[in-house]
Amino acid sequence: HDDPTTHPPVGAWMWHLHHEQLAEPLTEPLANRLDYIRSYKPSYEQDTRLLLITPVKGELPEPLIKARAAYAKAGAAYVKAWAAYVKAGAALDKARAAYVKAGAASTSDLEALHAIEHPDCPWNGRTIFP
């Protein structure tokens, strides 16, 4: 497992990358996972984990391949949508701040217009029910 020239590429399917998952594709270099096991997993688990993490050699079931591709595509769409959401949120916050600032700057003009259009209104600056 330690020879980097034999490490499969990211995306290659592996047996037992995680103890609760039979097979899954690599999402990062295998060396990262092996280093993590050696650094953070209990010593009594390490030999078993390192022994069983091997590349899948046979042909995977087609439905699994298609479902994984759809899952990856949906994940990419989610990341893109989240980035758009964050950007839109920042734009919303900026627009809200500008609106509040404009409202404060426009109070006297708005009250003057209101006095012309509603001369008998009970508005006291805070409510129509003083």
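Predicted model: local features only at pLDDT ≥ 70, side-chain atom pairs only at ≥ 80, totals over all residues.
**Overall dimensions.** I began with the radius of gyration of the chain, which is 30 Å, whereas a compact globule of 130 residues would come near 14 Å. Along the principal axes, the C-alpha atoms fill a box of roughly 85 × 35 × 30 Å. I then looked up burial and found that 15% of the 130 residues are buried. The accessible surface of the chain is about 10500 Å², with 63% of that area on carbon and sulfur atoms. Of the contacts with a separation of 6 or more, 38% join residues 24 or more positions apart.

**Secondary structure.** I listed three helices and three strands. Read from the N terminus, their order is β-β-α-α-β-α.

**Sheet.** Which order do the three strands take in the sheet? I noted β2-β1-β3, an open sheet with antiparallel pairing. Because β2 (21-25) and β3 (54-55) each have a single partner strand, they are the edges, and one side of each lacks a neighbour in the sheet. I checked the pairing of β1 (residues 13-18) with β3 and found two bridges, antiparallel in sense. At this pairing, W15 lies opposite T54 of β3.

**Surface patch.** I recorded a nonpolar surface patch made of Y78, V79, W82, Y85 and V86. Together these residues have about 600 Å² of accessible area. I looked up Y85 on its own and placed it in helix α3 (residues 62-117).

Definitions and conventions: Residues numbered from 1 in each chain as written. Heavy atoms only, no water. Patch = residues over 30% accessible without salt bridge, like charges linked within 9 Å, V, L, I, M, F, W, Y side chains within 5 Å. Areas by Shrake-Rupley, 256 points an atom, 1.4 Å probe, with all protein chains shown as cover. Salt bridge = Lys/Arg side-chain N within 4 Å of Asp/Glu carboxyl O. Helix = DSSP H or I, 4+ residues; strand = E, 2+ residues; numbered from the N terminus. Pairing = 2+ DSSP bridges. Rg over C-alpha atoms; globule rule 2.2 N^0.38 Å. Buried < 20%, exposed > 50% of the residue type's maximum accessible area, 1.4 Å probe, protein only. Contact = heavy atoms within 4.5 Å.
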